[in-house]
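I opened my notebook to keep a record of what I looked up.

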Amino acid sequence: MNSNSTWNLVRIGDLANIEHGWAFKSDFLSEELTGNPIVVNIGNFQYTGGFRFETTRTREYRGDYPPEYELEPNDILLIMTCQTAKGEILGVPAEVPDDGHVYLHNQRLGKVVVKHPDRVDPEFLYWLFLWPKFNHELYLTASGTKILHTAPSRIEAFEFLLPPLPEQRAIAHILGTLDDKVELNRRMNATLEAMARAIFKSWFVDFDPARANRGELDRSLPPDILALFPDAFVESELGPIPAGWEIAPVKALVSLERNRISPADFPDETFYYFSFPAYDEGKRPRLEAGVEIRSSKYLVPTGCVLLARLNPRFPKVWMPFFDDSHRPICSTEFLVTVPKGKSSREYLYALFSSDAFFNRFENLVTGTSSSHQRVKQSSFLSMKTVVPPRELVQAFTGLVQPIYQKISHNRDESRTLADLRDTLLPKLISGELRVPTDLLALETVE
């Protein structure tokens, strides 16, 4: 606790109300987005704070609803229900974006309504809600066993030391600046990913260079690239493909690594653990002690591509990078693919990430329960795909390698910044680490 007399002990409820959302009727929800308001769900949250609408299931509402449940840009929502045993996401916040969409306040989410803006800055509260101490308090007071629930009253009861407004703003500025750079890198990577995907789609799905050679499109590509494509097409079981290309099962391009390990047999070893939440958040693999990992895992070899086969509603493809300091492992719900034959790591990653491939991959799902649907390894290996000539794969690989290397560099930088942010957050929020005087003076002037 901070001993400075200017930090006052308060409850969240002294400063803000936490309001329940509304139970929107499932009959009026649609995944086809036509411009209607979007209902915010827990699955739309990043578990480190913020939203991830672009990579999660998003649904619009086509029925009537009370207007008071329409959200405003910058409104803060908190998760109030968690299905994990330790309640890791209870209280995780996100701010409603100002992106032209209308968002609706769903049940099981708490909206933060500041009562005294002269006493507390909403951005400071956002970072307070990411304080591990706050999450732990909600976990201790939660109801339920398999599914944990908190409530507005429990959130409002949380006590903490509140610094003066200038110091609140300085704390929010420091943490927000780090977060903004992480977000900038994420957006840059999204653009770079889109560039690589567009090249793959143009060359290997739409066959634009071959069509250009036929005179159907402008010959805007470099002559050395156009020379790698024919000017004729042939019929195949997957439709017309460039002459000289072939149709083959996926196993002609990949081999599956299925080397299992039981980390619990190595209690003193720490592992890199590639898992689904880490993929969704773009984080580095978790560092976990072998004794904490109960089930067997796959070893992750250098140069592989990971493809999730469990409930593949959204593409989950990972080109893992790691150093040699810890042994890398992953869930057995990943297909651990290694390029062979004419393929390369970059080609496989782009192939598995393409809509054309993934729409067919998703159709291989077996199982009736949505939580246990998966693609069999044998079905994946037998799946037919277009195979271009080796020299064309090599040309594509050389073109996109710098793109993927830049993406990897940005991710490494973001992880370093996120680690710094996560280290500073509890120290700044608690007052253990004080804001530099010059930055505090700047906030006071503003």
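The entries below go from the whole protein to single residues.

**Ground rules**

I noted that this is a predicted model, where local features need pLDDT of at least 70, side-chain atom pairs count only at pLDDT 80 or more, and totals for chains, interfaces and linings use all residues. Residues are numbered from 1 along each chain as its sequence is written, and side-chain values use heavy atoms, with hydrogens and water left out.

**The whole protein**

I looked up the secondary structure and found 13 helices and 27 strands. Helices (H or I, at least four residues) and strands (E, at least two) are DSSP runs, numbered from the N terminus. The C-alpha atoms fill a box of roughly 80 × 55 × 50 Å along the principal axes. Then I checked burial: 47% of the 446 residues count as buried. Buried means under 20% relative accessible area, exposed means over 50%, and partly exposed lies in between (1.4 Å probe, protein chains only).

**Helix 12**

I turned to helix 12, which covers residues 390-430 and has 41 residues. From first C-alpha to last it reaches 58 Å, close to the 60 Å expected at 1.5 Å a residue. The expected span is 1.5 Å times one less than the number of residues. Where does helix 12 bend? It bends by about 35° at V400, and the proline P402 follows within four residues. The bend is the angle between axes fitted to the seven residues ending at a residue and the seven starting there. After helix 12 comes G431, with a positive phi near 90°.

**Helix 9**

I asked how many residues of helix 9 are buried. Nine of the nine are, so helix 9 is largely enclosed by the rest of the structure. Among them are R345, E346 and Y347.

**A pocket**

I looked up the second largest pocket and read a volume of about 270 Å³. On a 1 Å grid over the protein atoms alone, a pocket is an open set of points where a 1.4 Å probe fits, with protein on both sides within 12 Å along at least five of seven lines; lining residues have an atom within 4 Å of a point. Grid points are joined across faces, edges and corners, and a volume is the space filled by probe spheres set on the points.

The lining of this pocket has 17 residues. F204, L238, A356, R360 and V386 lie nearest the centre. Helix 5 (165-205), helix 9 (345-353), helix 10 (355-362) and strand 27 (384-387) each supply at least two lining residues. I sorted the lining by type: 14 nonpolar, two polar and one charged. Ala, Val, Leu, Ile, Met, Phe, Trp, Tyr, Cys and Pro count as nonpolar, Asp, Glu, Lys and Arg as charged, and the others, Gly among them, as polar.

**Salt bridges**

I counted 24 salt bridges. The rule asks for a side-chain nitrogen of Lys or Arg within 4 Å of a carboxyl oxygen of Asp or Glu.

- D14 bridges to R11, with the closest N and O atoms 3.3 Å apart. D14 is partly exposed at 29%, and R11 is partly exposed at 32%.
- R62 bridges to E60, with the closest N and O atoms 2.7 Å apart. R62 is partly exposed at 41%, whereas E60 is buried at 0%.
- E432 bridges to K427 at 3.3 Å, N to O. E432 is exposed at 60%, and K427 is partly exposed at 30%.

I also found a network of salt bridges that links E54, E183, R186 and R187.

**Loop residues**

Most residues other than glycine have a negative phi. I looked up two residues with a positive one. R108 is not a glycine, yet its phi is about 70°. R108 sits in the loop between strand 9 (103-104) and strand 10 (109-114), and is partly exposed at 38%. F207 is not a glycine either, and its phi is about 55°. F207 lies in the loop between helix 5 and helix 6 (208-213). Is F207 buried or exposed? At 8% relative accessibility, F207 is buried.

My last entry is L33, in the loop between strand 3 (29-30) and strand 4 (38-39). L33 is partly exposed at 47%. L33 and R59 are 26 residues apart in sequence, and their C-alpha atoms are 6.9 Å apart in space.
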